[in-house]
Amino acid sequence: SRGRTGRGKMAAGGAADAQARFGHSVKGLLTEKVTSCGTDVIALTKQVLKGSRSAELLGQAARNMVMQEDAILHSEDSLRKMAIITTHLQYQ
């Protein structure tokens, strides 16, 4: 009966070792997953910030284009007036 008790303790010890190894393995995998998720969140945040910056730059470009369009229309109007004045001066 003493032999059985010794074997039972060894089996329990082996099971505890296996359980400890499994626990370390799970912790390692979990740490890996958390790190991977953290990296993905950082990449996503950078992409969102880049996208919002792009939208801001596009809006600014559109505003600049509208201002340029006004300047071009004003210049066109001035050129027409100068052409009329030139024509009148040629008749004199």
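Modeller: Salt bridges along the helix

Searching the whole structure gives three salt bridges, a salt bridge being a side-chain nitrogen of Lys or Arg within 4 Å of a carboxyl oxygen of Asp or Glu. The model is predicted, so local features need pLDDT of at least 70, side-chain atom pairs count only at pLDDT 80 or more, and totals for chains, interfaces and linings use all residues. Residues are numbered from 1 along each chain as its sequence is written, and side-chain values use heavy atoms, with hydrogens and water left out.

The setting is simple: the protein chain has one helix and zero strands. Helices (H or I, at least four residues) and strands (E, at least two) are DSSP runs, numbered from the N terminus. Of the 92 residues in the chain, 0% are buried, where buried means under 20% relative accessible area, exposed over 50%, and partly exposed in between (1.4 Å probe, protein chains only). The chain exposes about 8,600 Å², with 64% of that supplied by carbon and sulfur atoms; the areas come from the Shrake-Rupley method with a 1.4 Å probe, and for residues only the protein chains shown count as cover.

Side chains of opposite charge can pair when their charged atoms come close. Arg 53 and Glu 56 form one of the bridges, at 3.0 Å from N to O. These two residues lie three apart in helix 1 (residues 2-91), so about one helical turn separates them. Arg 53 is partly exposed at 43% relative accessibility, and Glu 56 is also partly exposed, at 46%.

Another bridge joins Arg 80 to Glu 76, with an N to O distance of 3.7 Å. Here the residues are four apart in helix 1, which means a separation of about one helical turn. Arg 80 has a relative accessible area of 48% and is partly exposed; Glu 76, at 38%, is partly exposed too.

Asp 77 and Lys 81 make a salt bridge at 3.5 Å, N to O. Because Asp 77 and Lys 81 are four residues apart in helix 1, about one helical turn lies between them. Asp 77 is partly exposed at 30% relative accessibility, and Lys 81 is partly exposed at 49%.
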